[in-house]
Amino acid sequence: MSKVTLDRVRKVYPNGVEAVRPSSFEIPHGELVVMVGPSGCGKSTLLRMVAGLEDITDGTLSIGDRVVNDVDPADRNIAMVFQNYALYPHMTVAKNMGYGLKNRGLPKAEIDAKVREAARMLNLSEYLDRRPSQLSGGQRQRVAMGRAIVRSPELFLFDEPLSNLDAKLRNQMRIEIRSLQRRLGVTAMYVTHDQVEAMTMADRIIVLNAGQIEQIGKPSEIYNRPASTFVASFMGAPPMNLLPASYNGNGHVALGDDLALPIQADADHAGEVQLGIRPEEVHLSDKGKTPFQLDLIEELGASRLLHGKLAGHEFTVNAPNDDAPLEGTLMLDLPQHALHLFHGETGRRL
Amino acid sequence: MADITDTTPAIIAAPASKPTRRIKWGLVGDHAILILGSLFMVVPVFLVFMTASHTPVTVHTEGMQWWLGDQLAENFHAAMFEKGGFTDTVDGMRMLMNSMILGIGFAVGKIIISMFAAYAIVYFRLKFATLAFWIIFTTLLLPLEVRILPSYEVIQGMGLTNTYTGLIVPLIASATGTFFFRQFFRSVPEELVEASRIDGAGPVKFFIDILIPLSRTMIAAIFIIMFVFGWNQYLWPTLITTEEGFFTLVRGIRQIVQTYTDSSIPEHGQAMALAIIAMLPPVLIVIFFQNWFVKGLTESDK
């Protein structure tokens, strides 16, 4: 079984910066895990440690049942797809894909067969004799994928593989990568800073911030029950509204002086809190009890974003798109399940 | 002119009756400078070629010649195949071969040494790598002429005078080459190194399979420079070789002019013919590799 296990893996650079704080998690066989976070959060460092391109300062990393801390990248039985594809510019597509196998000493005929098989899978068969410079961005991306596939690795590593593509191609490649990974049943780790990519592709998401794991969970868990204000604001577009409030400990959260909202009382913290509300879980309603001062409307086509103020704080509502003109003060319905409470200082979920 | 008429009919319509042919003086000036520059480069070569077709007597009495004489073939033949020199052992072909060995040995040696040095400096975490690089770089301040006595002393002590090794090896360490390759290697994306590491290519394989093919335009450029540099060496070969069998073309020219005894006239025509021959290989090398340059630049995106 090719599961991946990280046990208190930590990275400290020679200049003393702790890029990855001790992190532990396990990826079961065949799962695609997406590591997401803002730039500099340590997600790439983590991936590169798994690849063997960075030394592991502390902790143990195992692929399958083998501890690979000190194993050379070539012997870890992994394959990596880089952001800029990292194709060898002077080699043809076929040579690019077969180079790793050639170095392993496989016979020529076998390499050829594997390359053809992978090329067929990726619709690259007619490009095998071209150079990377003669291919489009999407095709290069596929060659990079092909190079990974022919090695039949235990683990795929993707380092922001789609960031160099335009938006349309990105959507298409996202689906291709996902279905390919499913079909091959190979465990995969995928790094991105794009939360849409994370949500759509992942079996599980690892959200990282400042070298620390904020939350690990299925996309739905991450979306529905964010573990911290960071996760809440990072995942989801437009981001979750976060309002400073105070919680009295017995079922009511107070926003400003004259607005109190009932909430399921399962929090054992009273005092300063952050109240999180997703823009799409709020409804405009004449029967609503919460006043919302509308400032600006953004048309998105399928829906529209209403920007304004709620109890004096910036607030966004994602409203369905009907052509009804809106202005002034509107009434909002805030269902109880839409309210998320976070600790006022630590930002952890209550 | 035709497509201008097509695209801007409005402008053409009005002044069609009186075509204004104004001379653009700026353009004339540019061309004058370029033409003068070309003449400045080409006329001496032309003079040498023309003079090579005259008898020594004509040249000796009338100086350089502007028009073709009748001795062209004779002079070239004599320059290339007639044994000359003090010992009558060396002809033009021999000198041409010696020059070739020197030029190619120089260029190839310099490329190999400086690629190795740059590879070590850029890709390996050596202690003091930067320091080592700057030490190599400062040797630019110490050209051969400065260290010629100690260099000679060492070569002479090793018994390498009058050998090709002695001619070539002391000069192949190249700060310029190391510097160019270092700059180039640093521009090779880091991911290529990492991809090839994952592909199981060790340092040697990476160097041979990836880095050398990527550097081929760079190698071509340095080859041109270093070949011409080696080809034109005069001082060092003069010092290190005394046997005429090791003479290069550049030295041979002087030898021909010098070999008059008493009243005989130096073979000016032959010397000029030899000069033409000495000019050809560098020109051919540049033309040949220039083609490569363009290819390398347009074919790959690195």
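1. The model is predicted: local features require pLDDT of at least 70 and side-chain atom pairs count only at pLDDT 80 or more, whereas totals for chains, interfaces and linings use all residues. Residues are numbered from 1 along each chain as its sequence is written, chains are lettered from A and ligands numbered from 1 in the order in which they are written, and side-chain values use heavy atoms, without hydrogens and water.

2. Chain A holds an open, six-stranded sheet of mixed pairing, in the order 6-7-8-3-9-10. Strands are DSSP runs of E of at least two residues, and helices are runs of H or I of at least four, numbered from the N terminus; two strands pair if DSSP finds at least two bridges between them. Strand 6 (78–81) and strand 10 (212–217) of chain A are the edges, each pairing on one side only.

3. Strand 7 (residues 155–159) and strand 8 (residues 187–192) of chain A run parallel and are joined by five bridges. A:Phe156 has A:Ala188 in strand 8 as its bridge partner.

4. Helix 4 (residues 137–150) of chain A packs on the sheet, in contact (heavy atoms within 4.5 Å) with strand 6 and strand 7 of chain A.

5. Chain B comprises 16 helices and zero strands. Of its 302 residues, 39% are buried, meaning under 20% relative accessible area (1.4 Å probe, protein chains only). Of the contacts in chain B with a separation of 6 or more, 72% are between residues 24 or more positions apart.

Conventions
Axes are lines fitted to C-alpha atoms, for helices over the stretch in contact, and angles run from 0 to 180 degrees between N-to-C directions. Buried means under 20% relative accessible area, exposed over 50%, partly exposed in between (1.4 Å probe, protein chains only).
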